[in-house]
Amino acid sequence: MKTALITGITGQDGSYLADLLLSKGYKVVGVKRRTSLISTDRIDHVFNDPDLIMNFNLVYGNMNDSGCLHRLLIEHQPDEIYNLAAQSHVRVSFDTPEETTEIVAMGTLRLLEAYRNICPEAKFYQASSSEMFGDNPENPQSEATRLMPASPYACAKTYAHNLCRNYRESYGLHISSGILFNHESPRRGETFVTRKITRAAARIKMGLQDSLYLGNLDAKRDWGFAGDYVEAMWMMLQQEVPDDYVVATGETHTVKEFLEVVFKHAGLDIDEYVKIDERLFRPHEVPLLLGDPTKAKEKLGWEPKTRFEGLAKLMYDADLRGLVR
Ligand code: G4F
């Protein structure tokens, strides 16, 4: 039985990846930062399933603590390591740049050092981000596109991405980075724009909320389904040769288009409920992200199954179901 260690287990991606790996018969060690509230909602279904919980181990850890990361790798000797832990909110990274950099950049360095010293035979997945393309107007963006990060978060991700390539080349380690474009789901955090919209629409529909405040509606993103994207992560680590891959749908849409699909589906009038709040604009916006997933398709055989409209509707439906339960 293979063992996979996942940092960021309580996040959207960590929870979908745990589901996937448990379904494939892995033993999963999920690393969670201590918080005063429990915050395990996204993995509670694992605890409630006697078959799944047998192969799942939730452990405390922290990307700021080298000794802890070393101890976890010594104790669990993973075959695969998935580094998903992050302060992943771009807007918030402008307010907490140092904390973001500590977790995303230095945290990755600490984990890589532990990995190369303790279990260098393991395979390592790095969660890189399309935010790294930032200001680069060239599109669609591929693995060859120049990185021009435009936020503290993206700068930290770029450092971690470059470091992973450097460790792969310097030490011959099996490290692959997935340059994931925006990926959403009913498990998406409530402050990211897609979930903020679907949750608000459901609450408005149920009479629990009377307005939705948003920032820049013109930004364009390449939005896919997180459940599809964790499959690409796993596929990367099954390759003989490690590499970097763009994971995207190859379609881009404005925030306004997402809003329109959801409100139409909900039977709501945008003009009646949506207001613009200047405070939600970013000091520096990334105007357009559009990925070219050709390499992932050709080399991994990966393709997204869920498309834009279906994604928006399934997220709204899930939020509505959550309220009428
Ligand atoms: O949903 P967002 O906050 O996601 P963003 O900034 O694109 O980043 C997400 O995707 C990245 C992959 O490309 C990840 F690396 C990152 O960790 C994160 O998961 O914002 C999307 C767009 C932005 O242009 C933002 O300005 O929506 C715009 N927006 C408009 N109103 C808003 C809002 N974003 C948020 N969060 N909240 C608003 O009210």
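Colleague: At roughly what angle do the axes of helix 8 and helix 13 cross, and within what distance do they come?

Modeller: This is a predicted model, so read every value as computed. Take the axes of the two helices, then their angle. Helix 8 (residues 193-205) and helix 13 (residues 308-324) cross at roughly 45°, and their axes come within 8 Å. Angles from 65 to 115 degrees count as roughly perpendicular, and those under 35 as roughly parallel. Helix 8 is therefore oblique to helix 13. The crossing is right-handed.

Colleague: Which residues of helix 8 meet helix 13?

Modeller: Look for heavy atoms within 4.5 Å. On the helix 8 side, the residues are Thr 194, Arg 195, Thr 198, Arg 199, Ala 201, Ala 202, Arg 203 and Lys 205. They meet Ala 312, Met 315, Tyr 316, Asp 319, Leu 320 and Leu 323 of helix 13. By class, this contact holds 7 nonpolar, 2 polar and 5 charged residues.

Colleague: How far apart are the axes of helix 4 and helix 6, and at what angle do they pack?

Modeller: Helix 4 (residues 66-76) packs against helix 6 (residues 97-118) at about 40°, with the axes 9 Å apart. That angle makes helix 4 oblique to helix 6. Their crossing is right-handed. From helix 4, Ser 66, Leu 69, His 70, Leu 73 and Ile 74 take part. Their partners in helix 6 include Gly 107, Arg 110, Leu 111 and Glu 113. The class count is 7 nonpolar, 4 polar and 2 charged residues.

Colleague: Now single residues. Is Asn 83 buried or exposed?

Modeller: Check the relative accessible area; buried means under 20%. Asn 83 has 1%, so Asn 83 is buried. This residue lies in strand 4 (residues 80-83).

Colleague: Which side chains make polar contacts with the side chain of Asn 83?

Modeller: The side chain of Thr 108 is one partner, at 3.1 Å. The side chain of Gln 126 is another, at 2.9 Å. Beyond four places in sequence, Asn 83 also touches other residues, among them Thr 7, Met 63, Leu 111 and Phe 124.

Colleague: Where is Phe 281 found, and what is its relative accessible area?

Modeller: Phe 281 sits in the loop between strand 13 (274-276) and helix 12 (294-300). Its relative accessible area is 32%, so Phe 281 is partly exposed. Leaving aside neighbours within four places in sequence, its contacts are Arg 91, Gly 215, Asn 216 and Ile 276.

Technical notes: Residues numbered from 1 in each chain as written. Predicted model: local features only at pLDDT ≥ 70, side-chain atom pairs only at ≥ 80, totals over all residues. Heavy atoms only, no water. Axes fitted to C-alpha atoms, helices over the stretch in contact; angles between N-to-C directions. Helix = DSSP H or I, 4+ residues; strand = E, 2+ residues; numbered from the N terminus. Parallel < 35°, antiparallel > 145°, perpendicular 65-115°, else oblique. Left-handed = near helix turned anticlockwise from the far one by under 90°. Nonpolar A, V, L, I, M, F, W, Y, C, P; charged D, E, K, R; others polar. Buried < 20%, exposed > 50% of the residue type's maximum accessible area, 1.4 Å probe, protein only. Polar contact = N/O pair within 3.5 Å; in protein donor to acceptor, adjacent residues only side chain to side chain.
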